[in-house]
Amino acid sequence: MKTVALYNLKGGVGKTAAAVNLAYLATEYGHRVLLWDLDPQGAATWYLGVEPGLEDPVKRIVKGKGDLAGSVRPTVHERLFSLPADFDNRNLDLMLRKAEHPRRRLRELAAELSDDFDLLILDCPPSFSLVTENVFHAADLIAAPTIPTPLSVRTYAQMVGWLAKEHIREVKLYPFLSMVDRRKRQHRELSESLARDIRTLLDTAIPYLSSIEAMGQRRAPLCAYAPRDPGAQAFERLWLEVSSKLTSG
């Protein structure tokens, strides 16, 4: 099983919409996929039409006394399953500190599910904590949605700097432009400069579209109900890039 994390220290960058659509598209390409919603806000869980809450308390699961697999729920989409958000995820950082391997506990938990799925997608909270460190150790690839604005680019640079400082080299880090509004001069100019300056920047940019924002009303991936929408087509190009990077090298 491969693991892809959608993460950015900054919130409001289109992370969850990308996670949900990538998960759905992976099933369309024949993979059996689990989307684990680590964000206590539970947006990915909502998009998939699943109710929040795990069968066993998060605290018991982290300690190895609960049944994580028992909380996996099917969605209405074939081959797509959900580990829903739980409000206790807000305390996950504190729970991990008490675990035997506090920086690698999520990796150990994910390994328990590896026989049942081809791909695990982690929708991560927009914060920097022990949960984040766990994600960096658990993921094979981190896809980092980045809006072409100075603040969003700054948070991406902070993540790169931390990975280098901690000598975490196993994970592949690939930023991609998100919520791009080409009517804005700053978005156009920064998109061009980032394409020159960041060697690992993915080619696909996700546009800022009302159709993507409307996913919450449909409680479904955009790619499932409007595959010809420009946003859905951009997500499919993104999936093909991520899939290629995941299997290369």
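**Note on the charged patch and the sheet**

1. On the surface, K59, R60, K63, K65 and K98 form a patch of positive charge. Patch members have over 30% relative accessible area and no salt bridge, like charges being joined within 9 Å; a salt bridge is a side-chain nitrogen of Lys or Arg within 4 Å of a carboxyl oxygen of Asp or Glu. Areas are from the Shrake-Rupley method with a 1.4 Å probe.

2. The model is predicted, with local features requiring pLDDT of at least 70 and side-chain atom pairs pLDDT 80 or more, while totals for chains, interfaces and linings use all residues. Numbering starts from 1 along each chain as its sequence is written, and side-chain values use heavy atoms, without hydrogens or water.

3. K63 sits in the loop that links α3 (58-62) to β3 (73-74). Helices (H or I, at least four residues) and strands (E, at least two) are DSSP runs.

4. An open sheet of eight strands has the order β3-β4-β2-β5-β1-β6-β7-β8, with mixed pairing. Its edges are β3 and β8 (205-207), each of which pairs on one side only. Pairing requires at least two DSSP bridges between two strands.

5. R73 has S82 of β4 as its bridge partner.

6. Within the sheet, β1 (residues 2-6) has four of its five residues buried (under 20% relative accessible area). Five bridges connect β1 in parallel to β5 (residues 119-123), where D123 is the partner of L6. Three bridges, also parallel, pair β1 with β6 (residues 141-146); here A5 is opposite I142.

How values were computed:
Patches are made of residues with over 30% relative accessible area and no salt bridge: like charges are joined within 9 Å, nonpolar side chains (Val, Leu, Ile, Met, Phe, Trp, Tyr) within 5 Å. Lys and Arg count as positive and Asp and Glu as negative; His and the chain ends are not counted. The place of a charge is taken as NZ of Lys, CZ of Arg, CG of Asp or CD of Glu. Buried means under 20% relative accessible area, exposed over 50%, partly exposed in between (1.4 Å probe, protein chains only).
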